[in-house]
Amino acid sequence: MNITVTHKLAKRLIEAEGEALSGQQLADEFGISRTAVWKHIKELEEMGYTIHSVKKKGYSLSGSPDSLQPAAVQALLKTRSLGREIEYVPTCASTQIIAHQLAQEGKPAGTVVLAEEQTAGRGRLARKWDSAAGKGIWMSVILRPAVVPQKAPQFTLVAAVAVVRAIEEVTGLKPEIKWPNDILIAGRKCTGILTELQSDADGIQALIIGIGLNANQDAADFPAELAGIATSLKMESGSGVSRQELVRAILYHLEVYTDLYISQGFGLLKTIWEGYSSTIGNQVRARMAKETLTGIAESITEDGVLQLRTPDGKLHSIYSADIEMAN
Ligand code: BTX
């Protein structure tokens with residue numbers, strides 16, 4: 001059985017959005033016999049697809065498994081370049097490691113790495129990112145923007161806006177962004193973003209944007225140390241979400257907002273970001289490597305740097321920290 005044809009057939013059926021496609025039409029499109037089409041349909045059913053076979057009309061799809069197989073993700077994908085190349089792995093240590101390798105090998109901007117499971121998912125400062133099999137979106141996106149390395153942190157903010165928009169669109173939930181890289185729902189973390197850089201004397205060679213989104217975990221799926229800290233879209237909305245749909249929505253919004261950033265700079269994005277921020281305007285505690293400061297988070301600068309005013313009236317520029325609410 002040619003597995004590539006099976007996946008292409010899945011893509012074709014998903015794109016038909018429930019319309020029936022005749023066996024003869026599919027046979028002609030794929031250059032195979034009608035019996036071969038039927039065998040691929042059986043194969044898809046075994047993979048978890050629900051396909052109706054209607055006499056004289058053909059095959060129509062009424063349900064698909066929530067796998068992140070490239071063909072399934074790419075069906076109905078609205079982007080120009082993001083996700084047009086997908087490296088899919090059932091399990092890996094970290095999608096960031098694979099994306100770094102692919103970027104070094106010269107893979108184009110827009111290449112995406114997707115895993116069902118990570119065994120050593122990472123956050124900032126070598127922290128661990130819990131990445132249960134089949135429950136979330138563990139994804140790294142390679143971008144190659146023509147900007148100076150100092151602008152790299154802005155892409156974390158751009159990605160955060162894209163993810164929030166995607167979550168709103170697919171689930172109707174109302175997430176908030178906690179500076180710089182967390183997305184929270186009702187105060188609990190459902191997404192983390194990790195932006196890493198490959199640069200040389202000529203500037204940025206590649207930005208690797210890692211997105212870890214908890215989609216379908218139940219509370220029991222998280223390790224004990226994340227109880228009360230982590231949440232998933234399923235826990236917040238009360239029903240399971242389609243990871244395929246979420247990946248498509250994230251890639252679409254990430255493309256729209258990076259295009260906006262490249263054409264118009266950070267100004268408008270900063271305003272959109274502030275609209276979703278749970279940090280700005282609040283009394284917060286910023287824990288940094290060497291000190292902890294408490295004060296009002298007044299704003300972020302054009303470069304994405306947090307401006308924190310301490311009670312002595314001093315304004316501090318915070319480049320990286322863990323933020324907690326202080327009131
Ligand atoms: P961070 O350093 O801001 O957050 C890490 C902290 O978040 C951990 O120390 C822990 O307290 C908490 N945490 C760990 N796992 C989860 C989880 N599943 N849900 C909620 N909270 C959690 C955030 O770093 C950036 C994470 C990026 C993850 C993506 S996944 C795809 C890509 N590959 C990879 O290895 N990392 C990125």
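Is glutamate 324 buried, exposed or partly exposed? Glutamate 324 is partly exposed, with a relative accessible area of 30% (buried means under 20% relative accessible area, exposed over 50%, partly exposed in between, with a 1.4 Å probe and protein chains only). Some notes on this residue and its surroundings follow.

1. Basis. This is a predicted model, in which local features need pLDDT of at least 70, side-chain atom pairs count only at pLDDT 80 or more, and totals for chains, interfaces and linings use all residues. Residues are numbered from 1 along each chain as its sequence is written, and side-chain values use heavy atoms, with hydrogens and water left out.

2. Glutamate 324 and its partners. Its side chain meets arginine 285 in a salt bridge at 3.3 Å, N to O (a side-chain nitrogen of Lys or Arg within 4 Å of a carboxyl oxygen of Asp or Glu). That pair links strand β14, which holds glutamate 324, to strand β10, which holds arginine 285, 39 residues apart. Glutamate 324 also forms a salt bridge with arginine 287, with the closest N and O atoms 2.7 Å apart. Here too the link runs from β14 to β10, across 37 residues. Arginine 285 is partly exposed at 28%, and arginine 287 is partly exposed at 38%.

3. The strands around them. Strand β10 covers residues 283-287; Val284 and Ala286 make up its covered face, while Gln283, Arg285 and Arg287 are on the uncovered one (strands are DSSP runs of E, at least two residues, and helices runs of H or I, at least four, numbered from the N terminus). Four bridges join β10 to β14 (residues 322-325) in an antiparallel arrangement (two strands pair if DSSP finds at least two bridges between them). In β14, aspartate 322 stands opposite arginine 287. β10 is also antiparallel to β11 (residues 292-300), with five bridges, and the two form a hairpin with four residues between them. Alanine 286 has leucine 293 as its bridge partner in β11.

4. A salt bridge elsewhere. The whole structure has 21 salt bridges. In one of them, arginine 243 pairs with aspartate 66, the closest N and O atoms being 3.2 Å apart. Arginine 243 lies in helix α8 (residues 243-264) and aspartate 66 in the loop between β2 (58-63) and α4, so the pair ties together parts that are 177 residues apart in sequence. Arginine 243 is buried at 2%, whereas aspartate 66 is partly exposed at 27%.

5. Domains. The chain is divided into domain 1 (3-63), domain 2 (70-276) and domain 3 (283-325), with bounds from an automatic or database domain assignment. Between domain 1 and domain 2, about 490 Å² is buried, 79% of it on carbon and sulfur atoms (buried area is the accessible area, 1.4 Å probe, that two parts lose on being put together, summed over both). On the domain 1 side, Lys11, Ile14 and Glu15 lose the most area, together 72% of what that side buries.

6. Backbone points to look at. Most residues other than glycine have a negative phi, and most peptide bonds are trans. The peptide bond from tryptophan 179 to proline 180 is cis, with omega near -5 degrees; proline 180 is in the loop between β6 (176-178) and β7 (182-185). Leucine 76 has a positive phi of about 70 degrees and is partly exposed at 33%. Leucine 125 has phi near 50 degrees and is exposed at 70%.
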